[in-house]
Amino acid sequence: MEIKMSEKMTYKVLKQEGRAKRAVMETVHGTIQTPVFMNVGTVAAIKGAVSTEDLEGLGTQVELSNTYHLHVRPGDEKIKAMGGLHRFMSWNKPILTDSGGFQVFSLAGLRKIKEEGVTFRCHIDGHKIFMGPEESMRIQSNLASTIAMAFDECAPAKAERSYVQPSVDRTTRWLERCKKEMAHLNSLDDTINKQQLLFGINQGAIYSDIRIEHAKRITDLDLDGYAVGGLAVGETHEEMYHILEETVPYLPVDKPTYLMGVGTPANILEAVERGVDFFDCVYPTRNGRHGHLYTNFGKINLFNAQYELDMQPIEPGCQCPVCRRYSRAYIRHLLKAKEMLGMRLCVMHNLYFYNTMMTEIRDALDKGEFAAYKKRKLDGMQRIVYDGK
């Protein structure tokens with residue numbers, strides 16, 4: 001199955017197992033094999049002193065940065081003047097930029113929503129900022145990312161229906177404005193990336209009927225891809241999986257499907273089974289900086305005293321650059337001493353684990369063995385790790 005949306009990209013589904021899909025996406029900045037985990041570099045850097053060269057070695061396909069944060073510092077116009085985000089951070093593979101909507105709406109006490117957009121206070125110095133669909137698109141065009149996300153409102157998962165429905169209706173109107181502004185920006189002579197893609201975002205909290213109706217409405221806009229937003233923000237895992245089961249079938253199977261801000265390895269496996277093929281989450285980096293490491297035999301905490309004299313790698317058999325050279329005892333010492341190298345090594349291992357898991361998922365789908373792989377992976381990670389055995 002192949003769909004050529006435009007000259008900007010192609011997206012081809014290679015294999016399907018139930019709703020799970022294995023695809024390849026060609027963009028102006030290179031190929032994306034899906035399912036894919038996008039490594040989160042909010043301010044054009046992975047927290048934990050991980051370099052672009054590191055990302056290349058860890059198997060990163062897509063880097064994700066944030067519109068709001070880069071608008072505030074160093075400024076999107078400055079990044080445009082330096083040739084765009086790819087050149088600025090020396091990264092030649094695809095980049096997705098989040099619209100800034102989630103960050104804006106997390107500032108609940110500092111914002112005011114109108115039809116035009118949102119006025120809010122900067123989290124750094126308190127100065128007033130206005131952002132709406134057009135502003136978000138202009139900032140992302142200046143950044144020249146491969147994929148731009150539409151500006152939306154991320155309503156709380158447990159919000160009342162009386163709040164969610166008008167919010168979703170406004171998000172739809174904002175999406176129409178994003179599409180119009182994106183087409184205009186891509187036509188300008190001074191636009192760096194005239195093939196910038198636009199993904200719309202499905203919202204609706206935990207109300208299946210609102211989610212489904214919104215999925216139908218945004219599908220009619222014929223966008224480059226579609227995201228499911230507003231999950232992993234307070235609902236249970238079971239509620240999230242239910243929403244995916246209800247909603248994803250109403251999004252186009254022949255276009256990318258992105259679950260925003262999710263999640264744990266188990267979350268990803270469950271979402272792949274339900275038809276999702278793009279993911280991002282801060283878990284591997286945030287947990288790594290606190291000594292929490294993912295392995296195929298469960299998550300371990302290097303601050304535990306049992307690892308003080310443990311000369312094994314984080315995970316025996318792991319081929320990441322950290323496990324090939326350093327011991328648990330040494331990395332634990334670095335963390336205890338608050339040496340940045342400790343955080344860096346932990347983040348690198350976790351990113352390698354996530355990226356490698358996505359490769360394994362793709363291989364399993366290629367072979368028609370995803371269901372068996374998923375069970376084996378989940379069973380292994382639920383084991384209790386004690387002294388590395």
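What does Gly 30 count as, going by its relative accessibility?

Modeller: Gly 30 counts as partly exposed, because its relative accessibility is 25%. For these labels, buried means under 20% relative accessible area, exposed means over 50%, and partly exposed is what lies in between (1.4 Å probe, protein chains only). Before we go on, keep in mind that this is a predicted model: local features need pLDDT of at least 70, side-chain atom pairs count only at pLDDT 80 or more, and totals for chains, interfaces and linings use all residues. Residues are numbered from 1 along each chain as its sequence is written, and side-chain values use heavy atoms, with hydrogens and water left out.

Back to your glycine. Gly 30 sits in strand S4, which covers residues 30-34. Not counting residues up to four places away in sequence, Gly 30 touches Met 25 and Pro 94; contact means heavy atoms within 4.5 Å. Lys 93 is 63 residues away along the chain from Gly 30, yet their C-alpha atoms are separated by 5.9 Å.

Now follow S4 along the chain. Between S4 and strand S5 (36-40) there's a loop, and Pro 35 is in it. The peptide bond joining Thr 34 and Pro 35 is cis, with omega about 5°. Another cis bond runs from Val 262 to Gly 263, with omega near 5°. Gly 263 is in a loop too, between strand S14 (257-259) and helix H10 (265-273).

Ser 90 has a positive phi of about 55°, although it isn't a glycine. You'll find Ser 90 in the loop between helix H4 (85-89) and strand S7 (95-98), and its relative accessible area of 54% is why Ser 90 is exposed. Ala 205 isn't a glycine either, and has a positive phi of about 55°. Its loop runs between strand S12 (197-202) and helix H8 (208-219). Ala 205 has 2% relative accessibility, so it counts as buried.

Gly 225 is in strand S13, residues 225-228. At 0% relative accessibility, Gly 225 counts as buried. Leaving out residues up to four places away in sequence, Gly 225 touches Leu 198, Phe 199, Gly 200 and Pro 256. His 86 is 139 residues from Gly 225 along the chain, and 21 Å separates their C-alpha atoms.

For a helix residue, look at Ser 141 in helix H6, residues 133-143. Ser 141 has 5% relative accessibility, so it counts as buried. Its contacts, apart from neighbours within four places in sequence, are Leu 185, Thr 191 and Gln 196. Asn 304 is 163 residues from Ser 141 in sequence and 46 Å from it in space, C-alpha to C-alpha.

What about the cysteines? The structure holds zero disulfides (a disulfide is a pair of cysteine sulfur atoms within 2.5 Å). For Cys 154, the nearest cysteine sulfur is that of Cys 281, 14 Å away. Cys 154 counts as buried, because its relative accessibility is 15%. Cys 281 is buried as well, with a relative accessible area of 5%.

Finally, zoom out. The protein has 14 helices and 17 strands, and along its principal axes the C-alpha trace spans about 60 × 45 × 40 Å. A compact globule of 389 residues would have a radius of gyration near 21 Å, and the protein has 21 Å, so the two agree. That radius is taken over C-alpha atoms, and the globule rule is 2.2 Å times the number of residues to the power 0.38. Of the 389 residues, 56% are buried. Among contacts with a separation of 6 or more, 66% come from residues 24 or more positions apart. The accessible surface comes to about 16,400 Å², and 51% of it belongs to carbon and sulfur atoms. Those areas come from the Shrake-Rupley method with a 1.4 Å probe; for residues, only the protein chains shown count as cover.

Terms used: Helix = DSSP H or I, 4+ residues; strand = E, 2+ residues; numbered from the N terminus.
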